[in-house]
Amino acid sequence: MTTTVWDPAQYLRFADERTRPLRDLLARVPDLPTRGDERILDIGCGPGNSTAVLRERWPGARITGVDNSAPMLATARAEGEPSADYLLADARDYDPAPARPDLIVSNATLQWIDGHLDLVPRWAGALRPGGVVAFQVPGNFEAPSHTLLAELRRSPRWRDLLGEDAVRAGVHPPERYLDALAGADCLPDVWETTYSTLLPGPDPVLEWVKGSALRPVLGLLADPAERAAFLAEYGRLLREAYPAGPYGTVFPFRRIFAVGIRR
């Protein structure tokens, strides 16, 4: 399996739009068991934009960002939230129990992990009593941005090089997350929202997915000419699916949110 290579600068081109769902998620997180010296884990912290939001809410907390991308962590340390601690580790293998956290947050990470429902009881079990696990994931895998990408990968020109979905992201219906949290002895709060995001500039949806869903594909396109050809073809399809309007391009983006308070 090809390891996904992340580009912090590309991801942060839409930093405000990517961070908005996290702020909405944290608005449903209640007071934590510890006051003033909270222990918080940001699992899948990326370039630290999520970690910075956590610092705003809990200025005195001991925050650790966990990510499996060294370039992302380098950006997090330098530009995201320099006062936090950071750990290079894979979310699927990382054990949060020794940290005894008050809060575990995961912002748009779990969709990359097969079997990620199994992480819910592990994370919930690591919390202090009254602690909180909170995560949000994209729920737009049936949107044109994803279905067109999958169809293009399967087309005669690209299927031998790109295969089906060497790295496939995916999520569950909201009720599955509610069941997982309730089964982990948490009081669940689960909901979904579709953001109608207005993106500026030329080919903005392509630029958006180049920071996220397109990363595994770009890792397979080592030849610059092949990469350019693929992006040109995919970009054309996206412009047809998401036509530019007088004020920008509307990009509907569904998100699923889950908060669980350990009983």
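Trainee: Which order do the seven strands of the open sheet take?
Mentor: They run 3-2-1-4-5-7-6, and the pairing is mixed. Keep in mind that this is a predicted model.

Trainee: OK, and which strands sit at the edges?
Mentor: Strand 3, residues 85-88, and strand 6, residues 186-199. Each of them pairs on one side only.

Trainee: How much twist is there from one strand to the next?
Mentor: It averages 15°.

Trainee: What packs on the sheet around strand 2 and strand 3?
Mentor: That's helix 4, residues 70-80, which touches both strand 2 (62-67) and strand 3. The helix direction makes about 175° with that of strand 3.

Trainee: Back to the pairing. In what sense do strand 5 and strand 7 pair?
Mentor: Antiparallel, over seven bridges. Strand 5 covers residues 132-138 and strand 7 covers residues 249-262.

Trainee: Say I click on Gln-136. Which residue in strand 7 is its bridge partner?
Mentor: Look for Phe-257.

Trainee: Switching to charges now. How many salt bridges does the count come to?
Mentor: The count comes to 15. Side chains of opposite charge can pair when their charged atoms come close.

Trainee: What does Arg-263 form a salt bridge with?
Mentor: With Asp-185; the closest N and O atoms are 3.7 Å apart.

Trainee: Is Arg-263 buried or exposed?
Mentor: Exposed, with a relative accessible area of 57%. Asp-185 has 42%, so that one is partly exposed.

Trainee: What about a pair inside a helix, like Arg-236 and Glu-240: where do they lie?
Mentor: Both are in helix 11, residues 224-241, four residues apart, which is about one turn of the helix. Arg-236 is partly exposed at 37% relative accessibility, and Glu-240 is exposed at 53%.

Trainee: Last one. What does Asp-31 pair up with in a salt bridge?
Mentor: Arg-35, with 3.6 Å between the closest N and O atoms. Asp-31 is exposed, with 56% relative accessible area, and Arg-35 counts as exposed too, at 61%.

How values were computed
Residues numbered from 1 in each chain as written. Predicted model: local features only at pLDDT ≥ 70, side-chain atom pairs only at ≥ 80, totals over all residues. Heavy atoms only, no water. Pairing = 2+ DSSP bridges. Helix = DSSP H or I, 4+ residues; strand = E, 2+ residues; numbered from the N terminus. Axes fitted to C-alpha atoms, helices over the stretch in contact; angles between N-to-C directions. Contact = heavy atoms within 4.5 Å. Salt bridge = Lys/Arg side-chain N within 4 Å of Asp/Glu carboxyl O. Buried < 20%, exposed > 50% of the residue type's maximum accessible area, 1.4 Å probe, protein only.
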